[in-house]
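Welcome, and thanks for opening the viewer. Let's walk through this model one selection at a time.

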Amino acid sequence: MGMLETRIERVPEGKTLNETARQLRLELEDYFSDYDNSCDDFKIGALTGENFDEVWEVQETYKDTPEIKEKYRGLAKEGKLVYAEIDW
C-alpha cells in the first residue's frame, strides 16, 4: 500500500447516490487508464454518519476546517456524499 488520497464528492440535485458513485468510478477508471496516471487501487463508497469520522480523518483538503466538517457530516447523514479512496 502506497500513499492514500481521499476524495469526497457531493451527490448533485436530481441524482442518486448510486449514479454519483458510478460516475465517479467511470471518471477514475478513465483517468487511470493512462499508464502515466496509474494507481495501485481505488475504492468508492457512500459516506455515511457511521463512517464519516474515519473517512474525514484521512482526507486532507478540508481536514482543518470545522465549519466544513460539520456541513459535510450533515450531508453524510442525509446520504448525499460519496468518497473515493485512491492508493497511489
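**Start at Arg-7**

Select Arg-7 and show what surrounds it: leaving out residues up to four places away in sequence, Arg-7 touches Leu-24, Glu-27, Leu-28, Val-82, Tyr-83 and Ala-84, where contact means heavy atoms within 4.5 Å. Before going further, please note that this is a predicted model, in which local features need pLDDT of at least 70, side-chain atom pairs count only at pLDDT 80 or more, and totals for chains, interfaces and linings use all residues. Residues are numbered from 1 along each chain as its sequence is written, and side-chain values use heavy atoms, with hydrogens and water left out.

Now colour by secondary structure, and you will find Arg-7 in strand E1, residues 4–10. Helices (H or I, at least four residues) and strands (E, at least two) are DSSP runs, numbered from the N terminus. Is Arg-7 buried or exposed, or something in between? Arg-7 is partly exposed, because its relative accessible area is 28%; on this scale buried means under 20%, exposed over 50%, and partly exposed in between, using a 1.4 Å probe and protein chains only.

Next, zoom in on the side chains of Arg-7 and Glu-27, which make a polar contact at 3.4 Å. A polar contact is a pair of N or O atoms within 3.5 Å; within protein, one must be able to donate a hydrogen and the other to accept it, and residues adjacent in sequence count only if both atoms are side-chain atoms.

**One step back: Thr-6**

Thr-6 also has its place in strand E1. Thr-6 is buried, as its relative accessible area is 8%.

**Follow the contact to Gln-59**

Gln-59 sits in the loop between helix H2 (52–58) and helix H3 (66–77). With a relative accessible area of 2%, Gln-59 is buried. Which backbone nitrogen atoms does the side chain of Gln-59 reach? Look for Thr-61 at 3.0 Å and for Tyr-62, also at 3.0 Å. Apart from neighbours within four places in sequence, Gln-59 is in contact with Thr-6 and Ile-8.

**Over to the helix: Arg-25**

Select Arg-25 in helix H1, residues 17–32. Its relative accessibility of 33% makes Arg-25 partly exposed. Phe-42 and Ile-44 are its contacts once neighbours within four places in sequence are set aside. Arg-25 and Ala-84 are 59 residues apart in sequence, while their C-alpha atoms are 8.3 Å apart in space.

**Zoom out**

Finally, show the whole protein chain. Trace it from the N terminus and the elements run β-α-β-α-α-β, giving three helices and three strands. The C-alpha atoms fill a box of roughly 35 × 30 × 20 Å along the principal axes. Buried residues make up 33% of the 88 residues. Among contacts between residues at least 6 apart in sequence, 70% join residues at least 24 apart.
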